[in-house]
Amino acid sequence: MQFHHHGYVSGDPRVQPAAGVGIDRPAELPEEVDVLIVGTGPAGMLAAAQLSQFPNVTTRIVERRPGRLAIGQADGIQARSVETFQAFGFAERIIAEAYAITEMAFWKPDVNDPSRIVRTARTPDDPTGISEFPHLIVNQARVLDYFAEYMVNAPTRMTPDYGYEFRGLEVADEGEYPVTVRLLHTAGPNEGQERAVRAKYVVGADGARSKVRQAIGCTLAGDQANHAWGVMDALAVTDFPDIRTKCAIQSGSGGSILLIPREGGHLFRMYVDLGEVVSDDNGAVRNTSIEEIIQRANEILHPYILDVRNIAWHSVYEVGHRLTDRFDDILPEDRGTRTPRVFITGDACHTHSAKAGQGMNVSMQDGFNIAWKLGHVLEGRSPESLLPTYSAERQVVAKNLIDFDKEWSTLMAKKPEEFEDPAELENFYVSTAEFPAGFMTQYAPSVLVGSSDHQDLATGFPVGKRFKSAPVVRVADTNPIHLGHHATADGRWRIYVFADAAAAGEPSGVADFAEWITNAPESPLAATPSDADPGAWFDVKVIYQQDHHSVDIGAVPGVFKPQVGPLKLTDYEKVYAANPSADIFELRGLDRDGVVVVVRPDQYVANVLPLTATAELGAFFTPLLSDRESEDGPSPALSDGSAQHSSLVNSRV
């Protein structure tokens, strides 16, 4: 964390100075806003947190509840999400309070007595070391609390506007604020009264029964629910030995349980199999009582006894898999003819079972994806034609999630005798570990993602996938750190320059690249406003192959030591060296002749280029920067995001 660059800070450095719309921010919801977010779930709160870093963008987030969420239904936090939390500055704190999953146990009927269950296998949760961060379990409400804290400490001083229910919207063909949103006061002195808010853009993060989705004519399509599960967060006394270990339990009676320990050392969640739902059920299964769920759990756990002492929350749900045809308000036949004004995220776009632990995690990445794009457009960094890429990128991610969840849910509901291979369930869990961990998303080549022509220069940073951090040593203070941990959610692009073998100060590819990116008119840095810090839009770092003792920081090119803040202090935290005990060049397959890795504000690798490919780097950023786009006209690739994003494979210094 860096601070003091605007002068001495004696208080909490996480509280940034108020700026822009955060100065004298009105307490009441204004009549006109740049972005109106509907719903304070994970997608909405992450989007709001990201937009809170854009001081001149007026963002408000409304919620029909009168206050914060007390207990959430989602609790699984995949490692990809923890990486995202690191960017928002609260990964360490949420790890400290969460339950960390390290293993999963599998229980099946005893072959000698099928009425009893026995443990048959244990598998590591992250067998390949896909991330340095753990897989966590923590109440969704706490995740939202951390995002709320981040927002209120941000320059815009954002807080949720509670007590507003979305009623409908209309999108006009013109005007500075073309979206008119009707809201109903659900609490306070104006309860029951309607009011209108005009917005430039609206983000619907209002859940599976989304009224924003309905307002723009999107419908969920997919499989009908045909299997029911009872879920409970419980405190209990039991002789079941793995009550504090994640478990998949299959009984001889055919019923199954997914057991997930919760934070705090005592609480756990159980998904209890209630069986097939008959076609004429008409929702009757949802009336299953908590007593029936507990009884069913005890039947499955035999010979073990579950004595439930307290229920924090419980519900009954039917597994259904549904996806919307689009994630914004542009009809397919109108794609490319106008700018989308309304976007939907999270459960408003995709619904599936909870057992793969994906709903909250994928929803947050939806929010991350749209928020930085809105921030760039509204701040004038990028043209409006950037916005169609949201629907195109995220829709296929959701489709892949639903396909995965169908397979996992089907396996969880199978009876033991239906498996051809007794180890099929645990084998699937291990072999697909990268997907539920959140690391299989790979955006296809587009205006936002370059080709893989130079992928061989950085095999460990696949283009289109999230930037996988690795250890390095910061030269100025000799501290070993993780390179990716300094990429905070500040809306900036990252340009990582991995040096050739020459030492700092010697003629080299890095020296030539530094000269170009500093002075060339086609350099992306040339688009940075003249009154802003040189790193305001682009965070440029260099990583040398030598150990830190061998790097002369005085000889490092100035672009990697920018002068920042009103006092023009030198930023020493952009110069790194390889860590001899974990060489990033070896770990990530980096070419020793040097390579440039470009990373998007949402942590996905956008391009891999040789040091000499400066023209390609300049051309890559041309359609993404408003001043470049206005000189040459709209980029065809950017204008039609749907064509460029038709497929996906398969997230402040």
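Helix axes are lines fitted to C-alpha atoms over the stretch in contact, and the angles between them run from 0 to 180 degrees between N-to-C directions. The structure examined here is a predicted model, in which local features need pLDDT of at least 70 and side-chain atom pairs count only at pLDDT 80 or more, while totals for chains, interfaces and linings use all residues. Residues are numbered from 1 along each chain as its sequence is written, and side-chain values use heavy atoms, with hydrogens and water left out. Helices (H or I, at least four residues) and strands (E, at least two) are DSSP runs, numbered from the N terminus.

Two packed helices are described by the angle between their axes and the distance between the axes. Helix α1 (residues 42-51) packs on helix α4 (residues 140-152) at an angle of about 15°, and their axes lie 9 Å apart. The two helices α1 and α4 are therefore roughly parallel to each other; angles under 35 degrees count as roughly parallel, over 145 as roughly antiparallel, 65 to 115 as roughly perpendicular and the rest as oblique.

The loop between α1 and β2 (59-63) contains P55. Although 36 residues separate P55 from A19 in sequence, their C-alpha atoms are 5.6 Å apart in space. With residues up to four places away in sequence not counted, P55 touches A19, G20, V21, P155, T156 and E379.

D539 lies in strand β25 (residues 538-544) and is buried, with a relative accessible area of 1%. Buried means under 20% relative accessible area, exposed over 50%, and partly exposed in between (1.4 Å probe, protein chains only). The side chain of D539 forms polar contacts with the side chain of R494, at 3.1 Å, and with that of K574, at 2.4 Å. A polar contact is a pair of N or O atoms within 3.5 Å; within protein, one must be able to donate a hydrogen and the other to accept it, and residues adjacent in sequence count only if both atoms are side-chain atoms. Beyond its neighbours within four places in sequence, D539 is in contact with R492, W493, R494, I495 and K574.

R269, in strand β16 (residues 268-276), is likewise buried, with a relative accessible area of 0%. A polar contact of 2.7 Å links the side chains of R269 and D233. Residues up to four places away in sequence aside, R269 touches residues including G72, Q73, D75, V231, D233, L258, I260 and W313.

Helix α10 (509-519) includes F513, which counts as buried at 2% relative accessibility. Apart from neighbours within four places in sequence, F513 is in contact with I495, V497, V596, L611, T614 and L617. F513 and A100 are 413 residues apart in sequence, and 43 Å separates their C-alpha atoms. In the loop between α10 and β25, P529 is partly exposed, with a relative accessible area of 30%. By contrast, Q214 of helix α5 (residues 211-215) is exposed, at 52% relative accessible area.

Backbone geometry was also considered. Most residues other than glycine have a negative phi, and most peptide bonds are trans. H302 and P303 are joined by a cis peptide bond with omega of about 20°, and P303 lies in the loop between α6 (290-301) and β17 (306-318). A positive phi of about 75° occurs at H4, which is not a glycine. H4 belongs to the segment before β1 (32-38) and is partly exposed, with a relative accessible area of 32%. T478, also a residue other than glycine, has a positive phi near 65°. The loop between β22 (471-474) and β23 (480-482) holds T478, which counts as partly exposed at 44% relative accessibility.

Terms used
Contact = heavy atoms within 4.5 Å.
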